[in-house]
Amino acid sequence: MPQTVAAPFPWADVWGQDAAVETLRSAASDPSALSHAWLITGPPGSGRSTLAYAFAAALIADHPDDEAAMRQVLAGTHPDVTALRTDKVIITIAEARALVERSYFAPSAGRYRVIVVEDADRMVERTSNVLLKALEEPPEQTVWILCAPSEADLLPTIRSRVRSLRLREPDVADVARLITLRTGVDEVVAEQAARHAQRHIGMAQRLATDDAARRRRDETLRSVLAVRGVNDAVEVAGRIIQAATDDAKALTAERDAAERASLLRTVGIAEGQAVPPALRSQISALEDDQKKRATRSLRDGIDRVLTDLQSLFRDVVMLQFGRGDALINRELREDLEALAAAWPETRTLVVLDHLADTRQSLERNVAPLLALESLLVTVTSGRTP
């Protein structure tokens, strides 16, 4: 059932996950119901991280009314909560070892020490193995909270050492209502954003409040629908990659500049002053991290494009099987109906399969432009190159 009444603090920002909230509230208040390692899974945008930090806040608080401590946790400043968020492609072994070391510290102020790993699916096997013993035999007052899209994204050895909690996928109406409450946008815009984002709360909020993002999405889908040959495929793939690159730069440039300025201030270097040789390694390390974050941001941007394209061809196959009442891209219905009539169902399924393969190829570091060109050649020809 949709959540219509806000849960009490610190759970108020967790939307549409009543069963999960109840499970974690009980665990936070009853030591006999508390596992010392949890895995929160759910589709992107379902609120995994929001729920993890609400749970951490409830664990830290001395009593249900200890709002000061809970607000400190949610603000990211409580000394007994260690969080790992990564903007890079993977979580490194060094980062995992630092978490394990921290997990053995006794809590300094709260009831527990809490370790939150937001992107546990970004651990390769060697990194996951660093966590195994800490997850299997954590100190009595340490609680691990891992977040990932699904259990399958983690090694079986990790899954066997955690208690899993699967989040439900919110309805479009739930997400639209939340976006309207958060941003005040028109209900029609909020519904369209929630539908186009396929119920991903963060992306829906961006689409609802960013005219340029909505326009780019519409232009991308229309340009793919207009592909008629190999030359079109190459041209459209180039435009999509360029748009994703520009978007990634816009999202990271301001943060990169602020980080560099902060580091220079910390080491006492004025703006425009040459960096002494002894400090160049610190600048290089920061630049290396920023490059990795830029790579991740670009990959995420391209993945969002692929998600939108999956919704497009999913709509085509729905029309081909007589299910035109549940389209994601209703605004393109006329074009989608024309495509559904022009193609056999098997061709649409070939495109959807290639879309899934393209996502896997990008995770294996295949050049994004080549991967997208190959995909669009399949769209125009109905065959995998």
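In the predicted model, Q198 is partly exposed, with a relative accessibility of 25%. Q198 is placed in the loop between helix 8 (187-196) and helix 9 (201-209). Its phi is positive, at about 55 degrees, although Q198 is not a glycine. R199 is found in the loop between helix 8 and helix 9 as well, and its phi, near 75 degrees, is likewise positive in a residue other than glycine. The relative accessible area of R199 is 28%, and R199 is thus classed as partly exposed. Most residues other than glycine have a negative phi, and most peptide bonds are trans. A cis peptide bond is present between F9 and P10, with omega at about 10 degrees. P10 belongs to the segment that precedes helix 1 (18-29).

The domain assignment divides the protein chain into domain 1 (18-166), domain 2 (172-209) and domain 3 (230-381). The centres of domain 1 and domain 3, taken over C-alpha atoms, are separated by 29 Å.

The count of salt bridges comes to 23. Side chains of opposite charge can pair when their charged atoms come close. One of the salt bridges is formed by the side chains of R161 and E136, with an N to O distance of 3.6 Å. This pair links distant parts of the chain, the two residues being 25 residues apart. R161 lies in the loop between helix 6 (156-159) and strand 5 (163-166), whereas E136 is part of helix 5 (residues 125-136). R161 has a relative accessible area of 25% and is partly exposed; E136, at 46% relative accessibility, also counts as partly exposed.

A salt bridge is also formed by R168 and D174, whose closest N and O atoms are 3.5 Å apart. The two partners fall into separate accessibility classes: R168 is partly exposed at 28% relative accessibility, while D174 is buried at 1%. Because the limit for a buried residue is under 20% relative accessible area, D174 at 1% falls within that class. The pair belongs to a network of salt bridges that links R168, D171, D174 and R177.

In helix 10 (residues 211-225), D211 and R214 are three residues apart, about one turn of the helix. Their side chains meet in a salt bridge with an N to O distance of 2.3 Å. R214 is partly exposed, its relative accessible area being 25%.

E67 lies in helix 3 (residues 67-74) and is partly exposed at 37% relative accessibility. The side chain of E67 is joined to that of R71 by a polar contact of 2.8 Å. Between E67 and A57, which are ten residues apart in sequence, the C-alpha to C-alpha distance is 9.0 Å.

S103 is located in helix 4 (residues 93-103). With a relative accessible area of 0%, S103 is buried. When residues up to four places away in sequence are not counted, S103 touches R113, I115, A134, P139, T142 and W144.

Key. Residues numbered from 1 in each chain as written. Predicted model: local features only at pLDDT ≥ 70, side-chain atom pairs only at ≥ 80, totals over all residues. Heavy atoms only, no water. Salt bridge = Lys/Arg side-chain N within 4 Å of Asp/Glu carboxyl O. Helix = DSSP H or I, 4+ residues; strand = E, 2+ residues; numbered from the N terminus. Buried < 20%, exposed > 50% of the residue type's maximum accessible area, 1.4 Å probe, protein only. Polar contact = N/O pair within 3.5 Å; in protein donor to acceptor, adjacent residues only side chain to side chain. Contact = heavy atoms within 4.5 Å. Domains from an automatic or database assignment.
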